[in-house]
Amino acid sequence: MQKLRLRYTKRGRLRFTSHRDIARTFERALRRAGVPMAYSQGFSPHPKVSWVGAAPTGVASEAEYVEVSVVERVDPEALKIALDQALPPGIDVVDIVQAHGGNLTERIDASEWRIELDGVEPERLAEAVSAFLAQERVEVERLTKNGKKIIDVRPAVVSALVEPRSSDAGHDEAGLSQPCGILMTVVRQVTPTVRPDDVLNALRVVADLVPPVPARAIRMAQGRLDDEGGLVDPLQQDRES
Amino acid sequence: MSVESVFPRLEPLLPRISKPVQYVGGELNATVKDWDAASVRWALMYPDAYEVGLPNQGVMILYEILNELPDVLAERTYAVWPDLEKLMREHGVPQFTVDAHRPLKAFDLMGISFATELGYTNMLTALDLAGIPIHAADRTEDDPIVVAGGHAAFNPEPIADFIDAAVLGDGEEAVLEITEIVKTWKAEGCPGGRDEVLTRLAETGGVYIPRFYDVEYLPDGRIQRVVPNRDRVPYRVFKRTTMDLDAWPYPKQPLVPLAESVHERMSVEIFRGCTRGCRFCQAGMITRPVRERSIEGIGAMVQRGLEATGFEEVGLLSLSSADHSEIAEITKGLADRYEGTNTGLSLPSTRVDAFNIDLANELSRNGRRSGLTFAPEGGSERMRRVINKMVSEEDLIRTVSAAFSNGWRQVKLYFMCGLPTEEDEDVLQIAEMAKNVIRAGRQASGRNDVRCTISIGGFVPKPHTPFQWAPQCDPDTVDDRLRKLREAVNADRSLGRNIGMRYHDGKPSLIEGLLSRGDRRVGKVIEAVWRDGGRFDGWTEHFSYDRWTTKAAEQLEPLGVDLAWFTTREREELEVLPWDHLDSGLDKEWLWADWQDALDEREQDDCRWTPCFDCGVCPAMGTDIEVGPTGRKLLPISPVGVGSPVKNPTLTP
């Protein structure tokens, strides 16, 4: 049995898929690609695929992780190509390594998010972010299956920076420049999870910031926090061994 | 004139609604073609939610056949849920296709597949959202030609005001013929406008154009006659029959959605048509004769489909799959071929008398062991004679005993309530049958935890069946019988606790009955219900019986008829039925004789195994039964992959 670790993306309209949608799509792609999958034993065998977290529905990602186990040894590069071809455009396999022990989940304790707020001036966004960072607690409400839940967003946010206004910002239909505030934030994985939505809600709570259209969030990276607040590539260790 | 995608306008709405993935398209094997390079463009609609509509085989087949033509384009659209409908209206986003998100109004043709009449209000929503006038009479050359198909198209009279055309029967060849006619007419510069192209379609004899027929009524509300109101239009419109299924191996590239759908499997239609002759079954009556796909054709479709989709389950579809003349060879051949690849097989419709335990074992060899499902339909022997579903309780008990002793733990049984001549006693027999299943299961398995689920649907008399004259049972009687049945099931707790019972109340069935056997006057009811907010009538949480009865009273009573007149009234032999000018091939006199046989509790054999009984279809349609056995074998494919039905030499040598 060989175990492989993959990084894949969830781009464009694929961001509207749920984790279950991704899992089904992935398993079917493995079959179409002719990957010699290992199956669990028992009454209802299922392919050995382990998911490491998952970006929420509606959120795009450049850095999702999954492990697959195969019963015949395969060349990781060949698997990457075959699987990428079988997956729909938008779910792209961008990195693959052969696993060398360890636990992938333990190598991930934070995510870096890019949140794009169309129609929000970068300066206005920066003010809101400063106000947020100045607080010790920022509580938001989230609707869950079991009713409303209060989450303190502030402790999970390691850093939050607003990108300066760039000259080639988006244009609206009339060709006029549309403001777009871009927030880069590193958020620690805590329980309960703090999602990009919660960060946006926190900006509304502290600074009354309400984007005119729904914001778009993209997970840019996942990994372990280093001393400078950056993220360590979780596949690094396998690559080095 | 190119057409812009509405996606940029739709996208900002998606985070605000439930399950946005159903509107983004991007299915595996979907086709997006260049708009300007196409000379004829079809939008195909299944008028229900995406999760129900996407796996529909009819739409998938036509989609692929049309897109295979170099200068034809076909895209799909589904009913949008009320949350998105509301936002689309607020933001002026029109009904769109999921393939390239093009607005419906830009297409030449809109084909709508009606598996059930309960999709009628959803059609009106889609037309209205698209900016297409809901009344066919108000459409211009800028609007698509709206064509209805599917089983409900065998009586399209209730939607006659809303559609431009209807096609009865198999669509494979019909869509090609329609495409050709529209292409020629467009190439000629659209001479004579919309009227002319519709007349050309009518001239084929196989496309029904409701507006070219006038309906005259008798003073008592019955139909006097239905006649063409112009030249070049036939008196009767015939149904289409595709022969030689092996020549039509579609879908070759089944669609696989990103979203979850109601059928998570790859389907292969192993035969079309059924001559078992169940009298309630419209599908069995209107799809005659039986046409089998060959064992080799099936084997090729399965392999190709698995390679194209990656599904873990193959469904062998038909109206009664265990009746295929080579079903044992097919299931064994497939189970052998896919051993070790985790590929399951299922037969969604199986008759208990055609089923045996070898078949069950082959089905579960490489995949999950699902429950067994059978449909005795009638609780008592007498009832089953009336409906001509001749399966005996002994057959059922023998089969489930064998299944339970082979490791199965659950069996599901389907029944109907409200059948013609039914008494309380017939329905109460369902409880006895379920209890006998539990007793037999316990004995065969040596365990107490076996389960039997009985699922009961309300019977709706359908056009082109022997029961087309029958009075529909009123909902109060149906509900009362179901209540008594529940009491009977629960009377003996030691058995009853292992019996599950699932049913709906009888009210939706009555409305389905109105829509099934209605005539053009019912269109006013559909429109009024839709204007009042009626949507997704097939969904309990959206269906409103009160709205339907209120609107039916309001719209029909001024015309001297009512809901009961269309549903619970028994028709006479010589009454002109709204669909008499639509030819399913079935001889009306034979249908009447079969109805009389039903009342006399006389059964009718299957013409595959006994002489022809003159239902009329084959001579009228120039068709014949096409069944095996061929005696051929399913060749193993060597080698299939390991852990996958596909072998990839770049990964494993």
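H464(B) counts as buried, because 23 C-beta neighbours lie inside 10 Å of it. The cut-off for that label is 20 or more. H464(B) also has a phi near 65°, a positive value in a residue other than glycine. The model is a predicted one. It holds two chains in contact, with 31 residues taken from chain A and 30 residues from chain B.

- H464(B) sits in a loop of chain B, between β16 (451-458) and α15 (475-491).
- F536(B) is not a glycine either, yet its phi is positive, at about 45°.
- The loop that holds F536(B) runs between α18 (522-531) and α19 (545-556) of chain B.
- F536(B) counts as buried because it has 21 C-beta neighbours inside 10 Å.
- In chain A, T191(A) and P192(A) are joined by a cis peptide bond, with omega about -5°.
- P192(A) belongs to the loop between β9 (180-188) and α4 (196-207) of chain A.
- In chain B, a cis peptide bond links Y250(B) to P251(B), and omega is about -5°.
- P251(B) is placed in the loop between β8 (237-238) and β9 (266-269) of chain B.

**Helix α15 of chain B**

- α15(B) is built from 17 residues. From its first C-alpha to its last, the helix reaches 24 Å, close to the 24 Å expected at 1.5 Å a residue.
- Which residues of α15(B) are buried? They are P475(B), V478(B), R481(B), L482(B), L485(B) and V489(B).
- Seen down the helix axis, these buried residues fall within an arc of 125°, so they line one face of α15(B).
- The face turned away from that buried side carries exposed residues: D476(B), R483(B), E487(B) and A491(B).

**Nonpolar cores**

- The largest nonpolar core has 190 residues.
- Which residues have the most contacts inside this core? They are M110(B), V147(B), I163(B), A165(B), A166(B) and A434(B).
- Domain 1 (7-238) and domain 2 (265-369 + 585-653) of chain B both give residues to this core, so the core lies between them.
- Leaving out residues up to four places away in sequence, A166(B) touches V147(B), A148(B), A153(B), P156(B) and Y208(B).
- A second, separate core has 38 residues, including A110(A), V138(A), L203(A) and V206(A).

**Domains of chain B**

- Chain B is divided into domain 1 (7-238) and domain 2 (265-369 + 585-653).
- Taken over C-alpha atoms, the centres of domain 1 and domain 2 of chain B are separated by 30 Å.
- Where these domains meet, six residues of domain 1 of chain B are in contact with eight residues of domain 2 of chain B.
- On the side of domain 1 of chain B that touches domain 2 of chain B, three residues are nonpolar, three are polar and none is charged.

**Domains of chain A**

- Chain A is assigned domain 1 (2-99) and domain 2 (107-231).
- The C-alpha centres of domain 1 and domain 2 of chain A lie 28 Å apart.
- Their contact takes ten residues from domain 1 of chain A and ten residues from domain 2 of chain A.
- Which strand gives the most to the side of domain 1 of chain A that touches domain 2 of chain A? Strand β3 (residues 60-70) of chain A does, with five residues.
- By class, that side of domain 1 of chain A has seven nonpolar, two polar and one charged residues.

**Where chain A meets chain B**

- The contact takes 31 residues from chain A and 30 residues from chain B.
- On the side of chain A that touches chain B, α1 (19-32) and α2 (76-86) of chain A are the elements that give two or more residues.
- Of the elements on that side, α1(A) gives the most, with seven residues.
- The side of chain A that touches chain B has 18 nonpolar, six polar and seven charged residues.

Terms used
Residues numbered from 1 in each chain as written. Chains lettered and ligands numbered in written order. Predicted model: local features only at pLDDT ≥ 70, side-chain atom pairs only at ≥ 80, totals over all residues. Core = buried A, V, L, I, M, F, W, Y, C linked by C-beta atoms within 7 Å. Buried ≥ 20, exposed ≤ 12 C-beta atoms within 10 Å, placed from the backbone. Domains from an automatic or database assignment. Contact = placed C-beta atoms within 7 Å. Nonpolar A, V, L, I, M, F, W, Y, C, P; charged D, E, K, R; others polar. Helix = DSSP H or I, 4+ residues; strand = E, 2+ residues; numbered from the N terminus. Expected span 1.5 Å × (residues − 1). Arc of directions from axis to C-beta.
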